[in-house]
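Subject: Structure handover

Hi,

My notes follow below it.

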Amino acid sequence: AANVNNYVRVLDIALGSLSELETRLEISRNVDYLKTAPLDALQQKCLELERMLSALIRKLRVHAASAK
């Protein structure tokens with residue numbers, strides 16, 4: 001269970017890093033640094049990763065809780 005909890009902590013950090021990236025992408029949009037089409041594609045990828053990370057974290061937390 002400790003290994004799972006450590007892994008979940010690492011995934012939480014990854015989720016936070018992804019949020020930072022999303023913020024930087026939004027700033028890029030606001031200052032017209034990136035064109036809309038590539039930016040939209042990157043933001044879609046971020047959303048997809050966020051969903052996958054969140055689902056994995058939820059499942060691992062349930063698994064860790066049931067293993068106690």
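Where does Asp32 lie? Asp32 is in the loop between α1 and α2. Please keep in mind that this is a predicted model.

**The loop**

Start with the backbone. Asp32 is not a glycine, yet its phi is positive, at about 55 degrees. Most residues other than glycine have a negative phi.

Ser28 sits in helix α1. Buried or exposed? Ser28 counts as buried, because its relative accessibility is 14% and the cut-off for buried is under 20%. Leaving out residues up to four places away in sequence, Ser28 touches Tyr33 and Leu34.

Now the helix spans. α1 has 29 residues, which should span 42 Å at 1.5 Å a residue. The end C-alpha atoms of α1 are 42 Å apart, so the two values agree. Helix α2 covers residues 36-66, 31 residues in total. From first C-alpha to last, α2 reaches 45 Å, close to the expected 45 Å.

Which residues of α1 are buried? They are Val4, Val8, Leu11, Leu18, Leu25 and Ser28. The cover over the buried residues of α1 includes α2.

In α2, the buried residues are Leu39, Gln43, Cys46, Leu53, Ile57, Leu60 and Ala64. Their cover includes α1, residues 2-30.

**The core**

How many residues does the largest nonpolar core have? It has 11. Val4, Val8, Leu11, Leu18 and Leu25 belong to it, together with Leu39, Cys46, Leu53, Ile57, Leu60 and Ala64. α1 and α2 are the elements that give two or more residues to this core. The biggest contribution comes from α2, with 6 residues.

Beyond its neighbours within four places in sequence, Leu53 is in contact with Leu11, Ala14, Leu15 and Leu18.

Leu56 is the other one, and it lies in helix α2. Leu56 has a relative accessible area of 34%, so it is partly exposed. Not counting residues up to four places away in sequence, Leu56 touches Tyr7 and Leu11. Leu56 and Leu11 are 45 residues apart along the chain. Their C-alpha atoms are separated by 8.5 Å.

**Salt bridges**

How many salt bridges does a search of the whole structure find? The search finds 2.

One joins the side chains of Asp12 and Arg61, at 2.6 Å from N to O. Asp12 lies in helix α1 and Arg61 in helix α2, so this pair ties together parts that are 49 residues apart in sequence. Asp12 is partly exposed, at 30% relative accessible area. Arg61 is partly exposed too, at 44%.

The other salt bridge is formed by Asp40 with Arg29. The closest N and O atoms of this pair are 2.8 Å apart. The pair links Asp40 in helix α2 to Arg29 in helix α1, 11 residues apart. Asp40 has 35% relative accessibility and so counts as partly exposed. Arg29 has a relative accessible area of 26%, so Arg29 is partly exposed.

**In brief**

For a first pass in the viewer, I would go in this order:

- The core, to which α2 gives 6 residues.
- The salt bridges, Asp12 with Arg61 and Asp40 with Arg29.

Best wishes

Methods. Residues numbered from 1 in each chain as written. Predicted model: local features only at pLDDT ≥ 70, side-chain atom pairs only at ≥ 80, totals over all residues. Heavy atoms only, no water. Helix = DSSP H or I, 4+ residues; strand = E, 2+ residues; numbered from the N terminus. Expected span 1.5 Å × (residues − 1). Buried < 20%, exposed > 50% of the residue type's maximum accessible area, 1.4 Å probe, protein only. Contact = heavy atoms within 4.5 Å. Core = buried A, V, L, I, M, F, W, Y, C linked by side-chain atoms within 4.5 Å. Salt bridge = Lys/Arg side-chain N within 4 Å of Asp/Glu carboxyl O.
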